[in-house]
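Hello,

Here is the structure I promised to pass on. My notes follow below it.

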Amino acid sequence: DRRTLLHTAGLATLAALSTQSLAAEHETTTTPAMPVAARQALLTAAADCVQKGQVCLAHGLVLLGEGDTGIAGCAKAVNQMLALCSALASLGAQESRLVPALAKVALDACQECEKECKKHADKHPQCKACAESCGECIKQCKAVLA
């Protein structure tokens with residue numbers, strides 16, 4: 001019947017438009033220009049920063065709880081780095097076009113975190129490991145931005 005035919009045609013049109021929209025969205029949200037090796041190196045570095053940063057932050061919170069306020073700057077820097085490197089790893093995995101812009105901000109956060117963690121690296125291995133992972137993430141962010 002005519003009503004079924006119109007309904008089916010309408011659904012087919014919606015499906016076609018939806019597919020075109022998803023394809024267009026994929027084109028604008030990916031970064032095909034970023035080589036696979038560079039993206040993977042950035043993902044690995046950002047994920048390592050997150051893992052090492054979580055350990056460092058947990059250690060810092062224990063120290064703060066014990067009254068060691070000298071670690072406060074480190075904890076703040078690590079917390080900020082965690083937010084940005086988590087986002088960087090997530091967007092990198094999605095091949096988002098926003099990776100280069102976020103890499104600029106994550107680079108700043110990693111530089112600040114590395115600087116703060118180095119202040120405590122001789123005394124706290126968690127800070128040393130975090131500073132080292134930030135150093136690698138800085139290197140990989142710079143590579144993406146080059």
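**What covers helix α4**

The cover over the buried residues of α4 includes α2, α3 (72-93) and α5. Contact here means heavy atoms within 4.5 Å. Buried means under 20% relative accessible area, exposed over 50%, and partly exposed in between, with a 1.4 Å probe and protein chains only.

Please note that this is a predicted model: local features need pLDDT of at least 70, side-chain atom pairs count only at pLDDT 80 or more, and totals for chains, interfaces and linings use all residues. Residues are numbered from 1 along each chain as its sequence is written, and side-chain values use heavy atoms, with hydrogens and water left out.

**Overall**

The protein has five helices and zero strands. Helices (H or I, at least four residues) and strands (E, at least two) are DSSP runs, numbered from the N terminus. Of its 146 residues, 36% count as buried.

**Helix α4**

α4 covers residues 99-118, 20 residues in total. Its first and last C-alpha lie 27 Å apart, close to the 28 Å expected at 1.5 Å a residue. That expected span is 1.5 Å times one less than the number of residues. Its buried residues include Val99, Leu102, Leu107, Cys110 and Glu114.

**α3 against α4**

The axes of α3 and α4 come within 8 Å and cross at roughly 150 degrees. That makes α3 roughly antiparallel to α4. Angles under 35 degrees count as roughly parallel, over 145 as roughly antiparallel, 65 to 115 as roughly perpendicular and the rest as oblique. Axes are lines fitted to C-alpha atoms, for helices over the stretch in contact, and angles run from 0 to 180 degrees between N-to-C directions. The contact residues divide into 18 nonpolar, three polar and two charged. Ala, Val, Leu, Ile, Met, Phe, Trp, Tyr, Cys and Pro count as nonpolar, Asp, Glu, Lys and Arg as charged, and the others, Gly among them, as polar.

**The loop between them**

Glu95 is found in the loop between α3 and α4. Glu95 is not a glycine, yet has a positive phi of about 55 degrees. Most residues other than glycine have a negative phi. At 31% relative accessibility, Glu95 counts as partly exposed.

**α2 against α5**

Helix α2 (residues 36-65) and helix α5 (residues 125-145) pack at about 155 degrees, with axes 8 Å apart. α2 is therefore roughly antiparallel to α5. Their contact residues divide into 14 nonpolar, five polar and three charged. Among them are Cys49 and Lys52 in α2, and Cys130 and Glu136 in α5.

Best wishes
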